[in-house]
Amino acid sequence: MPKLKTIKTYKNVNHKYQSALFKEGWKIYPLQCAGGWNVRYERGGQGKLLNNGAIYSPTEAYQEIWNLYEKIYKHLKQK
C-alpha cells in the first residue's frame with residue numbers, strides 16, 4: 001500500500017505581502033547547499049543569505065521565506 005502524501009502547512013502565508021514586495025523588486029528564494037537549504041533575498045541585483053547562511057530543512061526554508069516577506073513588508077510600511 002503506498003504512503004499517503006502529507007500536506008505541509010505554513011504559518012504567516014500572506015500573498016498580499018509577497019505581491020507588494022515583487023512589485024518593489026524583492027526576490028526571496030531557497031538555495032540548495034551541501035548540508036540542506038539556505039534562503040537568499042535580494043533587491044536590485046544585490047543580495048544576502050538569511051541569518052549569515054544558516055542551513056535549514058526544506059520545510060523550515062519555505063517557512064523562513066514567508067516570515068521574511070512579512071518582516072520586510074512591515075518594515076517598509078513603517079517608513
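Buried means under 20% relative accessible area, exposed over 50%, and partly exposed in between, with a 1.4 Å probe and protein chains only. By that rule Trp66 is buried, because its relative accessible area is 12%. This is a predicted model, where local features need pLDDT of at least 70, side-chain atom pairs count only at pLDDT 80 or more, and totals for chains, interfaces and linings use all residues. Residues are numbered from 1 along each chain as its sequence is written, and side-chain values use heavy atoms, without hydrogens and water.

**Fold**
- The protein chain has 2 helices and 3 strands; these are DSSP runs (helices H or I, at least four residues; strands E, at least two), numbered from the N terminus.
- Along the sequence the pattern is α-β-β-β-α.
- The C-alpha trace spans about 55 × 30 × 15 Å along its principal axes.
- Of the 79 residues in the protein chain, 25% are buried.

**Aromatic pairs**
- The whole structure holds 4 aromatic pairs; rings of Phe, Tyr and Trp (its six-membered ring) pair if their centres lie within 6.5 Å, with planes under 30 degrees apart stacked, over 60 edge-to-face and the rest tilted.
- Tyr17 and Tyr73 are stacked, because their ring centres lie 4.2 Å apart and their planes meet at 25 degrees.
- Tyr17 is buried at 14% relative accessibility, and Tyr73 is buried at 12%.
- Trp66 and Tyr69 are tilted, because their centres are 5.6 Å apart and their planes at 50 degrees.

**Cluster**
- Trp66 and Tyr69 sit 3 residues apart in helix α2, about one turn.
- Tyr69 is buried at 2% relative accessibility.
- Phe22, Trp66 and Tyr69 make up one aromatic cluster.
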